[in-house]
Amino acid sequence: MSSDHSPLDDHGQHVASPKLYVAIFAALLLGTALTVVAAYQDFGHLNLPIAMLIACAKATLVVLFFMHVKYSTPLVKLMMPTAIVFLAVLLSLLACDYLGRMMPVTP
Amino acid sequence: MSTIASDSVAAAHELDHEPLDESLDYINASYGMRSWLLTLDHKRIAILYLCSVTFAFLLGAVFAAMVRIELLTPAGDFMQAETYNKVFTMHGVMMVFFFLIPAIPAVLGNFLVPLMIGAKDLAFPRLNLASWYLYNLGIAFTLYAIATGGIDTGWTFYVPYSTQWSTSNVIPVGLGVFIIGFSSILTGLNFLVTIHRMRAPGLTWFRLPLFIWAMYATSLVIMLGTPVIAITVVLLALERIFHMGFFDASLGGDPVLFQHLFWFYSHPAVYIMILPAMGVVSELISTFSRKRIFGYEFVAFASLAIALIGFLVWGHHLFVSGQSVYAGLIFSALTMLVAVPSAVKVFNWMATLYEGSVSLETPMLYALGFIGLFVIGGLTGVFLGTLGLDVHVTDTYFVVAHFHYVMVGGTIMAYMGGLHFWWPKISGKLYPEFWGKISAALIFIGFNLTFFPQFVLGYLGMPRRYWSYPPEFQVLNVLSSAGASILGIGYLLPLIYFIWSMRYGKDATENPFGATGLEWRTSSPPPTENFAVTPTVTWEAYDYSSVPMPEVSGG
Amino acid sequence: MADSASTSHGGAPPVAHQFATARQQREAANLGMWFFLVQEVLFFGGLFTVYAVYRFRFPEAWAEASRELDVKLGAINTAVLITSSLTMAMAVHGAQLGKRSQQMVSLLLTLALGATFLGIKAIEYHHKWVEHLMPAPGFQFHGASSGPEVGHARLFFACYFVMTGMHALHMVIGFGLLLWLLKNAAAGVYSGAYNTPVENVGLYWHFVDIVWIFLFPLLYLVHPR
């Protein structure tokens, strides 16, 4: 059931160490500070992608470690990526409409 | 059977203990309203759903009858125009949300999924019961809306009419739809976990019946699509109550955004309707050809492909909405793609029939009818997916005919076929085969008479949702209404003889049709725990060498 | 671990009749929660979609409107919620090891942090009410009641309130779940043999945290000055 080499306890569950949790917590706080600092810089069109990148990194840490996905079955590992893919489908095909409305249609 | 001993057995059943007396089946395991209304047995919950969706169907049929009566004459003389708007809206709402989407999953799926995989119940029996109660809560809000004046926006709730101009009961119906969406999500969740984790020993994925593959694909669509309609209905309600501006062009909002969000669910929703139907048809074609489905793996993967591609095509409902032409091109191309896995299934069913030992029992008649009518409905869908043609026939009766061919000629035919096929398992009784064939014939004839003229009407230009029309369209409309009466009789007959059979029907054996599938290796009806001993599966799907010959044949 | 006052005495969990083993039951419950979270992603995803459309269409108006939000309060709230995820993870850890007092302290802290978050949100909502920024008739922006910039700013606040409101609603539901866990933890129900509810509520709570991780930059940091 576990895909890394951490020991399982008697009940087949992976018990993470509190030290790991605190480390992740610190990384998340750091990421938050980074987000705020980056927002006040002017990266032009890159401001949004940078903010989203940091948010994705934070979310990944929460999913992998707080939500134990790193130690879960392949099926569970597929769950969030699948949901994101379908959300991406919604956003990208919608973008085809909204971007397309700005493009000229030759008569 | 209602002795003191069986009362204590009944009590044990309600506490989910092992059955003490295996001659009891799930129907007579315990008595009384409470034992049914508070049941955790997936088979009883399926019966509860059967009652609910039948009620919804009959109510939706009443609204349909009102529509067809009005359309007998060109003038709007049976009811007011505003009333007509409410009638077709409520027909759509009842049929789509409260019948077509839940019917096969919640009735046949709930009953059969655990049986087909050799499990004792679904993974979460209490969620299953909760989902039935949510269905009832949803329909209660909708009935309240109907009783207090109805709703006139069309089942599609397009803005800004539904948010700013309609004075009808939009919010209660929206609430009903939201709640039933949650009911649907719980069902899908239950099926996914059950199929993943509770298959009997030896039952690998490629030994599963194709109905299970179909329910799995359907459940994926439910989980990914339904939440979007839920949030859309919330936004609709907030817009209507608080005028927040999401879809109000005067504030910068975009009414077409509503359509995008609505159809992102509602197009996959039609695959929620058709995938289970296709799963039923696979079972029927195989059993009544006494042959393994040709290209089993292709059919299984086609279900997943339909589920996936079905999420990519919603914009074909928006071709004339103001959506960008470029998006229209992309959606049109993707729409062509979604026809491919459906066609794969049809070819595989035909190949199964070829050189099969075909017998024409009632369920097989429905399955064959499905194939023909679904092909017509599906192909006309491809016509509609063609941008140029769609501009001509959109919002006409051509569209109405298309979706009734797939939903009624497709889903409802399969549902009827499945009800007949599994009726012996569900009730322990045989339905009368003669009347079964008569009803199937009446339904097929009535259906085509009702809806084929509508293709012509649409192409000639009769708009949908109109309560009056030019006199030159009357002949076709009269044919359509006549067909609807025949169709109505065709649906009423099974309602009568199924109920009749519960009292007077012949007792069914374990496997009257000589079908494969674990559900046919337990009694009819099954005991509460489904199997006396959990089976270990060592044979492939549709292995007819391991089952007896059918006992029921011909009339 | 040997101190009976601080350990849970939960033994072998009751296995429902449809499951063959406790492990199958646990895996099923876990999978069920994950499937539920998948649909939650799409539920909030609908709101993110609406946000994306209107931010794309009205970038300047949205930058202006976003500046009405208090970045400090938003950042504090983000830190509060992240901390509550830590305490939640510690509660799950405590349940896995059968440590009753760790479970209870962690759950209480999680509740307190969650309440702090909602309290700060209430303060922010109150500010918006006072400043006529509720997206309803009566909305005013920079002194004006009508005009394109006002309409577009109103759309920003519509997204702000619906997204944070839906998030807050999910937190309130989370509260109920946490209180239920607390009651059971106090009774020593959870242990290494049986801690599925704690794990699953943890998944739910972390998910709610992740939603906020995205909401904070999208709503508060569009283009702060």
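Hi everyone. For the complex it gives an ipTM of 0.93 and a pTM of 0.94. In chain C, the mean pLDDT is 93, and 95% of the residues reach 70 or more. There is one stretch to treat with care: over residues 1-10 of chain C the pLDDT is below 50, though in the model this stretch has 20 contacts beyond near neighbours in sequence. Where pLDDT is low, predicted coordinates should not be read in detail.

Let's stay with chain C. Of the 225 residues in chain C, 64% are buried. And if you take contacts in chain C between residues at least 6 apart in sequence, 79% of them join residues at least 24 apart.

Now, the inside. In soluble globular proteins, nonpolar side chains tend to be buried together. Here, the largest nonpolar core holds 294 residues, and Phe97(B) and Phe370(B) touch the most other members. Helix α10 of chain B, residues 255-289, gives this core its largest share, with 21 residues. Have a look at Phe97(B) on the screen: leaving out residues up to four places away in sequence, its neighbours include Trp155(B), Phe157(B), Ile180(B) and Tyr265(B).

Next, where chain B meets chain A. The contact takes 20 residues from chain B and 15 residues from chain A. Together the two chains bury about 1,600 Å², and 77% of that is on carbon and sulfur atoms. How many salt bridges cross the interface of chain B and chain A? The rule finds one. Arg101(A) pairs with Asp254(B), and their closest N and O atoms are 3.1 Å apart.

Last, the cysteines. A disulfide is a covalent bond between the sulfur atoms of two cysteines. Over all chains, this structure holds zero disulfides. Is Cys159(C) buried or exposed? Cys159(C) counts as buried, at 2% relative accessibility. Cys96(A), on the other hand, is partly exposed, with a relative accessible area of 23%.

Definitions and conventions: Residues are numbered from 1 along each chain as its sequence is written. Chains are lettered from A and ligands numbered from 1 in the order in which they are written. This is a predicted model: local features need pLDDT of at least 70, side-chain atom pairs count only at pLDDT 80 or more; totals for chains, interfaces and linings use all residues. Side-chain values use heavy atoms; hydrogens and water are left out. A nonpolar core is a set of buried Ala, Val, Leu, Ile, Met, Phe, Trp, Tyr and Cys residues joined through side-chain atoms within 4.5 Å. Buried means under 20% relative accessible area, exposed over 50%, partly exposed in between (1.4 Å probe, protein chains only). Helices (H or I, at least four residues) and strands (E, at least two) are DSSP runs, numbered from the N terminus. Contact means heavy atoms within 4.5 Å. A disulfide is a pair of cysteine sulfur atoms within 2.5 Å. pLDDT is the predictor's confidence in each residue, from 0 to 100. Buried area is the accessible area (1.4 Å probe) that two parts lose on being put together, summed over both. A salt bridge is a side-chain nitrogen of Lys or Arg within 4 Å of a carboxyl oxygen of Asp or Glu.
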